Amino acid sequence: MWLSYLQPWRYAPEKPPQSAEPLPRSVSEKWAAFIQENLLMYTKLFVGFLNRALRTDLVSPKNALMVFRVAKVFAQPNLAEMILKGEQLFLEPELVIPHRQHRLFMTPPFGGSFFSSWPPTITDASFKVKSHVYSLEGQDFQYKQMFGTEVRNLVLKLAQLICQAQQTAKSISDHSAETMASQSFFSWFRFTPSEMNGSYTGNDLDEIGQDSIKKTDEYLEKALEYLCQIFKLNEAQLTQMMMKCGTAQDENGKKQLPDCIESEDGLILTPLGRYQIINGLRRFEVQYQGDTELQPIRSYENATLVRLLFRLSSVLNERFADQMDVLCSREDFVGRLCRYHLTNPHLAQKTRYAPMVKDRTSQNWGPKISLRFLASYRTLISLLMIYFMASWFYIGPVGCTFIILIAYFLYAIIMTFFSEGWKPHEH
């Protein structure tokens with residue numbers, strides 16, 4: 001509705017001039033009076049939209065389309081100049097022309113038309129603009145110029161967010177392509193990488209497809225182009241801004257952490273950092289930091305088996321805790337082999353804690369046996385397939401189990417030899 005009100009010329013019975021090449025339709029000068037008498041509809045509402053767009057997830061196709069449509073409307077040829085002229089008329093001092101007080105209230109038959117070039121016409125136009133603004137906002141209204149420094153800085157900030165959103169959409173597209181390429185047979189059983197890692201980092205673009213991602217990038221690119229046309233943005237600033245967005249990766253090739261400041265209590269998110277997290281531009285690598293046996297039951301695990309195996313593991317860990325400590329404390333090959341099979345006692349010290357807490361007392365969980373991997377549907381289906389294939393060679397369940405244990409023991413020995421330092425065993 002707002003965009004329709006701003007463009008009355010779209011509904012006027014006019015025929016565009018026919019030409020061989022279609023050109024962008026320029027706003028006729030006859031609409032200057034309408035724009036001046038409705039100045040706040042163009043300027044104040046645009047500033048309000050700008051503040052709202054800065055808090056919007058621009059990676060979303062619907063939001064990207066919204067910013068694109070508004071930028072396209074204001075980028076129509078000659079419209080920005082008319083708005084700027086209306087602002088100049090409103091900001092014009094009261095005593096520029098000596099006869100202003102007499103000319104202000106002159107009617108068109110005595111003062112001429114509004115489009116004549118002599119000074120009384122400019123005075124009457126200024127009066128109409130001021131009447132429009134003060135009647136809506138009051139005499140004490142502090143007008144914020146659409147083409148002033150403050151709004152220009154907001155536009156530059158929006159341009160930066162558009163660049164970041166383009167980079168985010170590209171990374172989501174690459175991640176979706178890698179995920180689809182890495183799907184295996186077990187994906188039929190709902191074993192996806194996000195489930196196995198216990199985290200989800202997707203966006204609504206994941207469910208829409210590559211075509212919408214491409215369309216989103218086009219919307220953002222055109223919106224940025226239109227903003228540059230409206231506000232005459234400096235190309236050097238935009239190039240530097242895009243370079244900053246393009247280098248938003250750390251030395252490991254991953255995204256940087258959200259914007260934070262260092263304090264006595266650790267890292268504290270800044271308003272920019274909160275915006276980055278809300279819109280999925282950056283994130284913390286959140287990891288489970290408690291006892292691995294007490295993690296919530298996943299969708300790819302059997303709840304009954306998880307509980308039974310936890311009880312069995314607890315009994316074994318309580319009974320053989322001292323023996324496992326002695327074995328893991330050895331510095332020979334046996335100690336390294338035991339440390340490979342059992343949970344790393346220093347795992348809690350290596351995990352990444354939440355950003356709000358700087359120092360935590362690391363808990364030494366101690367070496368222990370974990371049988372929870374046997375409750376995974378993936379593990380159970382793999383074992384069933386191995387037993388089924390072994391039956392073709394007339395190998396019974398007992399013999400197949402023995403072969404699996406021997407093969408795994410040889411694998412563990414090889415990994416112990418070639419691993420640099422002992423590492424925790426993960427299933």
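# Briefing on a predicted helical chain

Lys232 is exposed, its relative accessible area being 55%, in a model that is predicted. This residue sits in the loop between α13 (210-231) and α14 (235-246), and its phi is near 50 degrees, a positive value in a residue other than glycine.

**Overall organisation and core**

- Among contacts in the chain with a separation of 6 or more, 72% are accounted for by residues 24 or more positions apart.
- The largest nonpolar core has 65 residues, and those with the most contacts inside this core are Tyr42, Leu58, Phe74, Ile83, Leu158, Ile162 and Phe231.
- Helix α10, which covers residues 149-181, gives the most to this core, with 12 residues.

- Leu154 has its place in helix α10 and, with a relative accessible area of 15%, is buried, because buried means under 20%.
- Once its neighbours within four places in sequence are left aside, Leu154 is in contact with Leu50, Asn51 and Leu54; Leu154 and Leu54 are 100 residues apart in sequence, while their C-alpha atoms are 8.2 Å apart in space.
- Gln36, found in helix α2 (residues 32-37), counts as buried at 9% relative accessibility.
- Leaving aside neighbours within four places in sequence, the residues in contact with Gln36 are Lys85, Gly86, Leu89, Ala125, Val129 and His132.

**Packing of α20 with α21**

- The axes of helix α20 (residues 377-392) and helix α21 (residues 397-418) come within 10 Å and cross at roughly 120 degrees; α20 and α21 are therefore oblique to each other, since an angle of 65 to 115 degrees would count as roughly perpendicular and one over 145 as roughly antiparallel.
- The crossing of α20 and α21 is right-handed, and the contact is made by Leu383, Ile386, Tyr387 and Ala390 on the side of α20 and by Pro397, Cys400, Thr401 and Ile404 on the side of α21.
- By residue class, the contact of α20 with α21 divides into 7 nonpolar residues, 1 polar residue and no charged ones.

**Packing of α16 with α17**

- Helix α16 (residues 303-319) and helix α17 (residues 321-328) pack with their axes 4 Å apart and at an angle of about 70 degrees, so that α16 and α17 are roughly perpendicular to each other, the range for that class being 65 to 115 degrees.
- To this contact α16 brings Asn317, Glu318 and Arg319, whereas α17 brings Ala321, Gln323 and Met324.
- The residues of the contact of α16 with α17 comprise 2 nonpolar, 2 polar and 2 charged.

**Positive phi in loops**

- Most residues other than glycine have a negative phi.
- Asn78, a residue other than glycine, has a positive phi, near 80 degrees, and lies in the loop between α5 (61-74) and α6 (79-90).
- At 22% relative accessibility, Asn78 counts as partly exposed, because that class lies between buried, under 20%, and exposed, over 50%.
- Lys232 likewise has a positive phi, near 50 degrees, but with a relative accessible area of 55% Lys232 is exposed.

Note on methods. Residues are numbered from 1 along each chain as its sequence is written. This is a predicted model: local features need pLDDT of at least 70, side-chain atom pairs count only at pLDDT 80 or more; totals for chains, interfaces and linings use all residues. Side-chain values use heavy atoms; hydrogens and water are left out. Axes are lines fitted to C-alpha atoms, for helices over the stretch in contact, and angles run from 0 to 180 degrees between N-to-C directions. Helices (H or I, at least four residues) and strands (E, at least two) are DSSP runs, numbered from the N terminus. Angles under 35 degrees count as roughly parallel, over 145 as roughly antiparallel, 65 to 115 as roughly perpendicular and the rest as oblique. A crossing is left-handed if the near helix is turned anticlockwise from the far one by less than a right angle, and right-handed if clockwise. Contact means heavy atoms within 4.5 Å. Ala, Val, Leu, Ile, Met, Phe, Trp, Tyr, Cys and Pro count as nonpolar, Asp, Glu, Lys and Arg as charged, and the others, Gly among them, as polar. Buried means under 20% relative accessible area, exposed over 50%, partly exposed in between (1.4 Å probe, protein chains only). A nonpolar core is a set of buried Ala, Val, Leu, Ile, Met, Phe, Trp, Tyr and Cys residues joined through side-chain atoms within 4.5 Å.
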